[in-house]
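Please keep the sequence and the model in view while working through each solution.

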Amino acid sequence: MDGFVVEGWTAGGHNAPPRGAMQIDTAGEPIYGERDLPDLEKIASLGLPYWLAGSFGDRGKIAEAQALGAVGIQVGTAFAFCEESGIDPELKQKVLDGSRRSVLRVFTDPVASPTGFPFKIIQGGPETAIPVCGEGRSRICDLGYLRHLFRKPDGGVGYRCPSEPVGDYLRKGGSEEETVGRQCVCNGLISTLGLGQLVADGSTEKPLLTGGDDAVAVARFLEPGKTSYCAQDVIDRLLS
Ligand SMILES: Cc1cc2nc3c(=O)[nH]c(=O)nc-3n(C[C@H](O)[C@H](O)[C@H](O)COP(=O)(O)O)c2cc1C
Ligand code: SF4
């Protein structure tokens, strides 16, 4: 091991679950608290470099991280919506527009991901043009990257995913409880790249857009009169 990325719960993508038994607030999100704050002194005592991540994509944040003993930062969300990112350009525009109008919301979904880890989802809604993933979708498992391996009664290895058709999952010995609220993250993420698979009914798989809490403020990278920004704009701001 060469070092550590210490990522807080505001970061994009999957998040570590809260320590202890999962508690959910009234909005349906996991409750994080004191126990989820990393003990950086202890991490430093391991003698390896570490980088801080999770809402560190802004000016002053490198210095803040260094003051906390880190050698630097890791940034995801700010780059996810820049011109060079592989996210579908139309989707990026919708996020930037939603950020500019302050109508974006980032939801930490405790069950959407079949991995079992909380997953950050940039929510669509009437005030944004971002499609709502999963709505009206018939379950199908046709990518399979997130399947879990399990031991079959005959001792062989089987594959199942809590987001696959419920009947299939139950037939493979999975519990119904495990399937509740699951989204097809494979298809959702591929669609986010503008490569959504065609569905039998003629529609296309909808994107499942992830981003950290910082996504609500990505419009800060837009210069006046511009509708997009580059990776270099992010770097300039990080270094300014
Ligand atoms: C669109 C997106 C996809 C991500 N995918 C992964 C991933 O597959 N694996 C991973 O370890 N981290 C992933 N991350 C987390 C980043 O590596 C990074 O640690 C995090 O985004 C930093 O916090 P920030 O989003 O607040 O900048 C992803 C982040 C974003 C925004
Ligand atoms: S997320 Fe979807 S495609 Fe991926 S393994 Fe699960 S059901 Fe299959």
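**Exercise 1.** Is Ser-203 buried or exposed?

*Solution.* Two conventions come first. This is a predicted model, in which local features need pLDDT of at least 70 and side-chain atom pairs count only at pLDDT 80 or more, while totals for chains, interfaces and linings use all residues. Residues are numbered from 1 along each chain as its sequence is written, and chains are lettered from A and ligands numbered from 1 in the order in which they are written.

Step 1. A residue is buried if 20 or more other C-beta atoms lie within 10 Å of its own, exposed if 12 or fewer, and partly exposed in between, with C-beta atoms placed from the backbone.
Step 2. Ser-203 has 11 other C-beta atoms within 10 Å and is therefore exposed.
Step 3. Ser-203 belongs to the loop between α6 and α7 (231–239). Helices (H or I, at least four residues) and strands (E, at least two) are DSSP runs, numbered from the N terminus.
Step 4. A separation of 44 Å lies between the C-alpha atoms of Ser-203 and Ile-62, which are 141 residues apart along the chain.

**Exercise 2.** Work out the strand order of the open sheet and the partners within it.

*Solution.* 
Step 1. Three strands form the open sheet in the order β1-β2-β3, with parallel pairing. Two strands pair if DSSP finds at least two bridges between them.
Step 2. At the edges are β1 (4–7) and β3 (72–74), each of which pairs on one side only.
Step 3. There are 4 bridges between β1 and β2, and 3 between β2 and β3.
Step 4. Val-6 is opposite Leu-52 in β2, Glu-7 has Ala-53 as its bridge partner in β2, and Trp-51 has Gly-72 as its partner in β3.

**Exercise 3.** Compare the shells around the two ligands by residue class.

*Solution.* 
Step 1. A residue is near a molecule if its C-beta atom, placed from the backbone, lies within 6 Å of it.
Step 2. Ligand 1 has 19 residues around it, with Ala-11, Gly-12, Gly-13, Gly-76 and Gly-212 coming nearest. Helix α3 (residues 77–80) gives the most to this shell, namely 3 residues.
Step 3. Ligand 2 is surrounded by 15 residues, the closest being Cys-141, Leu-143, Cys-161, Cys-184 and Cys-186.
Step 4. Ala, Val, Leu, Ile, Met, Phe, Trp, Tyr, Cys and Pro count as nonpolar, Asp, Glu, Lys and Arg as charged, and the others, Gly among them, as polar.
Step 5. The shell of ligand 1 contains 5 nonpolar, 12 polar and 2 charged residues, whereas that of ligand 2 contains 9 nonpolar, 3 polar and 3 charged.

**Exercise 4.** Examine the positive phi values of Ser-55 and Ser-102.

*Solution.* 
Step 1. Most residues other than glycine have a negative phi.
Step 2. Ser-55 has a positive phi of about 65°, and lies in the loop between β2 and α2 (61–67). With 20 C-beta neighbours inside 10 Å, Ser-55 is buried.
Step 3. Ser-102 has a positive phi near 55°, and lies in the loop between α4 and β4 (106–109). With 10 other C-beta atoms within 10 Å, Ser-102 is exposed.
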